[in-house]
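Hi,

Here is the structure I promised to pass on. Have a look at it first, and then read on for what turned up.

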Amino acid sequence: MHVEQLLKDKGRDVVAVQPHRTLAEAIKTLSDRRIGAVVVMGADGALVGILSERDIIRALGAHGSAALNNAVSSVMTAKVVTCRPQTSVDELMEIMTTGRFRHVPVVEDGRVSGIVSIGDVVKFRVAAIEAESQAMRDYIAMA
Ligand code: AMP
């Protein structure tokens, strides 16, 4: 199974903020959209970073509430690891485990076309295990 299938289930909605926005503005976006990370995009739509709730906690821990006025660009992770729609779910899990992060933007033809989280992967794995177990029960009932 591939990332493309995950995107079919969850949609391709990508929530982004611009790098010059303040941390307070980014927090409002995360809270309004009930998500844990946003991709950071320049005005041209180019991916320039990713900002997750962990970055925000770190900034608040280091600078206190003054960090809320800092630019997203000063807090985000600029070196973003991405995947493609053709990336397998197994490979995606490996990427998240190795990188120790829970969000991976999906890039297609140089543009971000979706974002997958560890929650999407877990949902997918649980559904697959349940389907497998149901198939096994059906098989036993037929025997
Ligand atoms: P997360 O587990 O996704 O909340 O992120 C933990 C840390 O990894 C934060 O510093 C994020 O900015 C960073 N991070 C999250 N996703 C990615 C990614 N796809 N590539 C690189 N860094 C990331």
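**What I found**

Of the chain's 143 residues, 33% count as buried (buried is under 20% relative accessible area, exposed over 50% and partly exposed in between, with a 1.4 Å probe and protein chains only). Before you go further, note that this is a predicted model, in which local features need pLDDT of at least 70 and side-chain atom pairs count only at pLDDT 80 or more, while totals for chains, interfaces and linings use all residues. Residues are numbered from 1 along each chain as its sequence is written, and side-chain values use heavy atoms, with hydrogens and water left out.

**Overall layout**

There are 5 helices and 5 strands in the chain; helices (H or I, at least four residues) and strands (E, at least two) are DSSP runs, numbered from the N terminus. Starting at the N terminus, the order of elements is α-β-α-β-β-α-α-β-β-α. The C-alpha trace spans about 65 × 35 × 30 Å along its principal axes. Taking the contacts (heavy atoms within 4.5 Å) with a separation of 6 or more, 57% are between residues 24 or more positions apart.

Which residues of helix α1 (residues 3–10) are buried? They are V3, L6 and L7. These cover an arc of only 100 degrees around the axis, so they sit on the same side of α1; the arc is that of the directions from the helix axis to the C-beta atoms. K8 and D9 are exposed residues on the face of α1 turned away from its buried side. The cover over the buried residues of α1 includes α4, β4 (103–108), β5 (111–117) and α5. After α1 comes G11, with a positive phi near 95 degrees.

Helix α2 (residues 23–33) has L23, A26 and L30 buried. Their arc around the axis is only 60 degrees, which puts them on the same side of α2. Among the elements covering the buried residues of α2 are β1 (16–17), β2 (37–41), β3 (47–52) and α3 (53–63).

Most residues other than glycine have a negative phi. R34 lies in the loop between α2 and β2 and is exposed, with a relative accessible area of 78%. D109 is another residue other than glycine with a positive phi, near 50 degrees. You will find D109 in the loop between β4 and β5, where D109 is exposed at 77% relative accessible area.

**How α4 meets α5**

Two packed helices are described by the angle between their axes and the distance between the axes. Helix α4 (residues 89–99) packs on helix α5 (residues 118–142) at an angle of about 140 degrees, and their axes are 11 Å apart. Axes here are lines fitted to C-alpha atoms, for helices over the stretch in contact, and angles run from 0 to 180 degrees between N-to-C directions. The two helices are therefore oblique to each other (under 35 degrees is roughly parallel, over 145 roughly antiparallel, 65 to 115 roughly perpendicular and the rest oblique).

On the α4 side the contact is made by V89, D90, L92, M93 and M96, and on the α5 side by I118, V121, F124 and R125. By type, the residues of this contact are 7 nonpolar, no polar and 2 charged. Here Ala, Val, Leu, Ile, Met, Phe, Trp, Tyr, Cys and Pro count as nonpolar, Asp, Glu, Lys and Arg as charged, and the others, Gly among them, as polar.

**F101 and H103**

F101 is in the loop between α4 and β4 and is partly exposed, with a relative accessible area of 27%. Setting aside neighbours within four places in sequence, F101 is in contact with V81, I95 and M96. F101 and I118 are 17 residues apart in sequence and 8.5 Å apart in space, C-alpha to C-alpha.

Is H103 buried or exposed? With 16% relative accessibility, H103 counts as buried. H103 belongs to strand β4 and, not counting residues up to four places away in sequence, touches G36, A37, I50, M96, I115, V116 and S117.

Cheers
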